[in-house]
Amino acid sequence: MADLIELTLDHEIAIITINNPPVNALSPAVAQGIAKAIEQVTNDDSIKAVVLIGGGRTFIAGADIKEFGKITSGKTPRGAGLPPFLVHIENGKPAVVAIHGSAFGGGLELAMAAHYRVASPSAQFGQPEVKLGMIPGAGGTQRLPRLVGIAKAVEMCAEGNPIGAQEALKIGLIDRLVEGDLLAGAVQFAREIAGKPGPKTRDRNEKLSSHVQNAPLFSAAREKARTRQRGMRAPLAAIDAVEAATKFSFDEGCRIEQKLFQDCLFSDQSKALIHIFFGEREVAKIPDVPKETTTMPVNSASVVGAGTMGGGIAMVLANAGIPVLLKDADQPALDRGLATIQKNYQNSVKRGRFTQQFVDERLQLIQPTLTYDDFGKVDIVIEAVFEGMALKKEVFVQLDRACRKGAILASNTSTLNIDEIASVTSRPESVIGTHFFSPANVMRLLEIVRGKETSKEVIATCMQLSKKLGKVGVLVRNCRGFVGNRMFHHYGREAVFLVEEGVSPQSVDQALYDFGMALGPLATGDLAGLDVGWRIRKEYRHLEKPGVRQAIVGDRLCELGRYGQKTGAGWYKYDETRHAAADPETNEMVRKWAIDAGIPQRDISPEEMVERCVYALVNEGARILDEGIAMRAADIDIIYVSGYGFPAYRGGPMWYADSVGLKNVYQRICEFHAQHGELWEPAPLLRRLAEEGKTFAEFTSLQTVTV
Ligand code: NAI
């Protein structure tokens with residue numbers, strides 16, 4: 001194995017190669033290794049210039065994110081970090097950084113501290129720290145504007161998106177593109193500049209212009225961050241830091257950056273976002289379905305039902321290059337489905353997301369059909385017909401007959417029992433739930449539901465497929481509503497109760513929106529269709545316990561044909577563009593129904609509204625965790641962040657509860673229990689953890705060890 005840092009010589013040029021696979025993360029050992037190599041270079045008079053390059057598939061793709069957690073938890077002292085080490089490079093012999101793959105975060109900061117940068121045409125550059133609730137902390141906010149100007153630096157530091165090599169060359173971030181052998185090109189460049197003093201980025205002030213000239217740019221950037229990255233503090237801190245470059249000296253700017261970096265690093269938002277970052281990787285780990293589990297190729301698919309979900313799923317498959325047979329029950333339904341797909345694709349072309357050629361190719365991959373005739377050829381079928389057990393069973397009997405042995409039979413059901421569906425087939429081991437979220441071609445979550453008999457190969461294949469489709473696959477066990485909808489039921493119920501107790505639907509939605517949810521719970525109901533829940537409630541009415549409070553006003557709205565957006569009215573009223581407006585008449589009507597039903601009316605604070613809704617999620621989440629329906633608290637968090645619009649900077653409902661303190665959450669739930677009765681019975685796991693002073697995260701890590 002190559003040394004972590006290798007120093008070799010090509011005549012008078014030193015070459016420092018970083019070997020920290022897989023992504024050359026800038027760990028403390030890497031930084032120390034480079035510092036040592038630089039020192040050797042400084043002490044060797046025969047060396048005239050130095051090239052820094054990444055071994056393997058990339059330059060430095062960023063800091064080692066685990067290190068941040070160690071610092072904030074107090075396990076590792078913060079130390080001085082990278083800045084002094086970068087000054088060493090800056091004050092040393094002319095240094096050329098050669099970039100392929102990606103130069104992200106600390107990697108780009110290091111590159112900017114060198115005197116020159118050359119790159120492969122496919123290289124990527126970025127300061128993605130904001131995505132983890134942080135800002136660049138090694139001079140990035142001070143050096144980047146000096147190289148690329150204020151506007152671009154603000155955009156890169158506040159939004160965190162990468163740019164390609166062509167753009168990097170155009171804006172001055174790099175000095176040359178190297179086609180072909182990068183190292184040879186970099187050494188050639190180094191020979192050209194060898195022996196001459198290298199320009200220091202810190203001294204290049206010509207692109208900064210004055211603070212006054214930049215003022216409108218900063219205020220526009222802040223405005224944009226407040227709307228596009230609502231609730232997040234790091235983008236604003238990044239803008240403040242870049243602004244400091246226009247007001248103060250380089251050294252003072254760096255001091256300001258350090259202070260802002262430190263605040264962000266220790267913030268709850270950053271901890272939550274790092275939790276989500278690792279959670280997204282953790283979900284792929286399934287103790288009894290190891291990485292080595294055999295998977296089956298998925299080169300062709302069928303979708304049954306060309307409605308809202310089936311059409312979206314067909315698009316997702318086609319977008320990944322998988323040919324799809326799309327079946328519906330009759331020609332008009334099939335035509336409607338195809339027309340919707342075409343319209344959605346056209347919108348994507350209009351918005352610049354896809355090219356017309358891409359769309360034409362995808363449409364070619366979707367073959368409409370009214371029969372099961374060609375189903376014997378496909379590797380996976382995803383069923384998305386109406387939600388009803390009898391119909392699902394009917395379809396699965398047909399699929400069992402039509403599909404080849406070994407093909408995966410998946411259902412997109414959002415609530416129904418996967419084992420019961422599997423029971424009508426001769427191959428329950430091939431049956432699984434693949435629960436997409438609406439709109440399927442947009443939402444990242446794929447809840448994968450394992451039945452009692454689902455084989456490990458089928459699970460592993462669906463987890464792998466989720467990646468190919470660009471989704472986050474989270475494996476859960478079978479129960480009514482699985483993880484996401486089972487919890488959401490309690491959340492939505494509390495939102496309606498709040499309305500019945502006297503607050504307007506708009507106030508409830510506003511409180512949850514301000515908490516950070518993408519959409520308030522009642523507006524979400526209008527979007528999904530109020531009739532969906534109404535139908536489910538009617539189907540399960542026989543299971544309702546007498547004396548336990550049931551929401552009434554939601555059903556009343558449905559009885560009046562107010563199903564939400566699709567009927568132009570629900571909790572809100574909608575115009576043709578589906579723009580929501582508060583509806584005073586509805587509010588009055590709902591209030592009257594509640595008063596007539598004897599529900600006491602009172603003022604409720606936004607804080608209480610948030611607690612009622614979010615703690616309802618947490619309490620049910622605790623049950624789900626205890627029952628083993630979800631493997632880890634983080635899995636629940638990923639489901640809520642990627643499928644239900646829960647703010648990532650709060651880490652998902654379970655992480656959020658941990659950050660509030662389970663003792664506090666438990667206490668509040670006990671108060672709700674006393675006030676509102678049985679529905680608020682605290683989950684036993686929550687009580688236990690609160691009493692033991694533990695967190696959901698700790699509970700999960702103990703569980704995983706014992707699996
Ligand atoms: P939908 O009503 O939009 O579409 C259902 C389609 O199935 C219709 O086009 C219908 O003609 C077709 N169909 C009915 N019987 C059929 C048969 N025997 N053979 C072939 N096609 C048949 O319903 P939607 O919303 O797409 O829901 C489908 C499934 O997805 C349900 O199980 C639902 O619970 C689930 N789901 C729905 C979500 C949503 O937001 N709408 C989200 C996640 C899951």
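Which residues of helix α21 (residues 521-528) are buried? In this predicted model, the buried positions of α21 are Pro521, Leu522, Ala523, Gly525 and Asp526. The elements that cover these buried residues include the helices α19 (484-500), α20 (505-515) and α22 (530-539), together with strand β18 (572-574). Just after α21, glycine 529 adopts a positive phi of about 105°.

The protein chain is divided into three parts, namely domain 1 (5-266), domain 2 (301-478) and domain 3 (485-698). A distance of 44 Å separates the C-alpha centres of domain 1 and domain 2.

An open sheet of eight strands was identified, with mixed pairing and the order β12-β11-β10-β13-β14-β15-β16-β17. Its edges are formed by β12 (366-369) and β17 (472-477), each of which pairs on one side only. On average, and with direction ignored, neighbouring strands of this sheet are turned by 25° against each other. Helix α16 (residues 389-402) packs on the sheet, where it touches β10 (301-304), β13 (380-383), β14 (408-411) and β15 (431-436). The direction of α16 makes about 165° with that of β14.

Strand β11 (residues 324-327) pairs with β12 in the parallel sense, over four bridges. Within this pairing, leucine 325 has glutamine 367 of β12 as its bridge partner. Strand β10 likewise runs parallel to β11, and four bridges join the two. Here the bridge partner of valine 304 is lysine 327 in β11. In a regular strand, side chains alternate between the two faces of the sheet. In β11, Val324 and Leu326 point one way, whereas Leu325 and Lys327 point the other way. All four of these residues are buried.

The surroundings of the ligand were examined next. The ligand is surrounded by 23 residues, of which Met309, Asp328, Glu387, Lys392 and Ser414 are the closest. For lysine 392, an N or O atom of the side chain lies 2.6 Å from an oxygen atom of the ligand. For serine 414, an N or O atom of the side chain is also placed 2.6 Å from a ligand oxygen atom. At glycine 307, a polar backbone atom is 3.5 Å from an oxygen atom of the ligand.

How values were computed: Residues are numbered from 1 along each chain as its sequence is written. This is a predicted model: local features need pLDDT of at least 70, side-chain atom pairs count only at pLDDT 80 or more; totals for chains, interfaces and linings use all residues. Side-chain values use heavy atoms; hydrogens and water are left out. Domain bounds come from an automatic or database domain assignment. Two strands pair if DSSP finds at least two bridges between them. Axes are lines fitted to C-alpha atoms, for helices over the stretch in contact, and angles run from 0 to 180 degrees between N-to-C directions. Contact means heavy atoms within 4.5 Å. Buried means under 20% relative accessible area, exposed over 50%, partly exposed in between (1.4 Å probe, protein chains only). A residue is near a molecule or strand if one of its heavy atoms lies within 4 Å of it. A polar contact is a pair of N or O atoms within 3.5 Å; within protein, one must be able to donate a hydrogen and the other to accept it, and residues adjacent in sequence count only if both atoms are side-chain atoms.
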